[in-house]
Amino acid sequence: MRLDKLLANMGYGSRKEVKQLLKQKAVSVDGTYVKDAAMHVDPEQQNVVVFGERVVYTEFVYYMMNKPPGVISATEDLRDETVIDLLDPLHQHFQPFPVGRLDKDTEGLLLLTNDGVLAHNLLSPKKHVPKVYYAKIEGIVTQEDGERFARGVELDDGYVTKPGKLVILKSAPQSEIELTIQEGKFHQVKRMFEAEAVGKRVIYLKRLSMGSLQLDESLALGEYRELTPEELAGLQNRE
């Protein structure tokens, strides 16, 4: 890889700005200052240093976010704040995108990455990746509702969902539930409860997990962190 491309990809500025760094003797390769921006380097084998700090090359990034309400799951929007706006500019540089989407008023686990292959595998209906949600429901959820969810619920547009697993955590005075589904239809959890056969309303919704990845409850709303190697391996092993 060309040295200027490597440094630009890692957020050290445009290629023009990188050339200025080279002129300032701010960049060394294997202990020798270099000025040739077109020099080819192997970041895995060679020691590239900028201002005394080694450059650790990263192609893909993986961030777990505890999405707050009021923020949309998109890379850009003219009206609303997006989950990308919550990232540090250095992390934005890698151009991550949300894997799937959470509704604007929904909280919880959201994966952000620039790894298109992993994102496809997590979102593909053929992969049957389970997603677990916690919700507070207006109305008393019953065992009959659980049986309906287990069979699949007909939504307002006539689509019948794949079977879901409904666990009632608390039934009165306000129901609290956990729901596991394997799809990601538009407003699916809310629409399943609002379906004619169920007739209830979601008043709070939070995603707890996606596949093997579970929300780190130590993350405050709006905070994020890189996935651990174990968390990433768990997701990749589904491919």
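**Exercise 1. The positive patch**

Helix H2 (residues 15–23) gives the most to the positive patch, with 3 residues. In this predicted model, find which residues gather in the patch of positive charge on the surface.

Solution. 
Step 1. The members of the patch are Lys5, Arg15, Lys19 and Lys23.
Step 2. Check its cover. Arg15 has a relative accessible area of 38% and is partly exposed. A patch residue needs over 30% relative accessible area and no salt bridge, and the value for Arg15 is 38%.

**Exercise 2. A salt bridge at Asp4**

State which residue forms a salt bridge with Asp4, and whether Asp4 counts as buried or exposed.

Solution. 
Step 1. The partner of Asp4 is Arg2, and their closest N and O atoms are 2.8 Å apart.
Step 2. A salt bridge requires the nitrogen to be within 4 Å of the carboxyl oxygen, so the pair at 2.8 Å qualifies.
Step 3. Buried means under 20% relative accessible area. Asp4 has a relative accessibility of 2%, so Asp4 counts as buried.
Step 4. Arg2, with a relative accessible area of 32%, is partly exposed.

**Exercise 3. Lys104 and Asp80**

Work out where in the chain Lys104 and Asp80 lie, and how many residues apart they are.

Solution. 
Step 1. The two side chains meet in a salt bridge, with 3.0 Å from N to O.
Step 2. Lys104 is in the loop between strand S6 (97–98) and strand S7 (107–113), while Asp80 is in the loop between strand S5 (62–67) and helix H3 (89–92). The two residues are 24 residues apart, and the pair links distant parts of the chain.
Step 3. For accessibility, Lys104 is partly exposed at 40%, and Asp80 is partly exposed at 21%.

**Exercise 4. Lys206 and Glu217**

Find which elements hold Lys206 and Glu217, and decide whether Lys206 is buried or exposed.

Solution. 
Step 1. The side chains of Lys206 and Glu217 form a salt bridge of 3.2 Å, N to O.
Step 2. Lys206 sits in strand S11 (residues 201–210), and Glu217 sits in the loop between strand S12 (213–214) and strand S13 (224–226). They are 11 residues apart.
Step 3. Lys206 counts as buried because its relative accessibility is 15%.

**Exercise 5. The whole structure**

State how many salt bridges the structure holds, and which residues are linked with Lys190 in a network.

Solution. 
Step 1. The total is 12 salt bridges.
Step 2. Asp103 and Asp105 are linked with Lys190 in a network of salt bridges.
Step 3. Side chains of opposite charge can pair when their charged atoms come close.

Technical notes
Residues numbered from 1 in each chain as written. Predicted model: local features only at pLDDT ≥ 70, side-chain atom pairs only at ≥ 80, totals over all residues. Heavy atoms only, no water. Buried < 20%, exposed > 50% of the residue type's maximum accessible area, 1.4 Å probe, protein only. Helix = DSSP H or I, 4+ residues; strand = E, 2+ residues; numbered from the N terminus. Patch = residues over 30% accessible without salt bridge, like charges linked within 9 Å, V, L, I, M, F, W, Y side chains within 5 Å. Areas by Shrake-Rupley, 256 points an atom, 1.4 Å probe, with all protein chains shown as cover. Lys, Arg positive; Asp, Glu negative; His and termini not counted. Charge placed at Lys NZ, Arg CZ, Asp CG, Glu CD.
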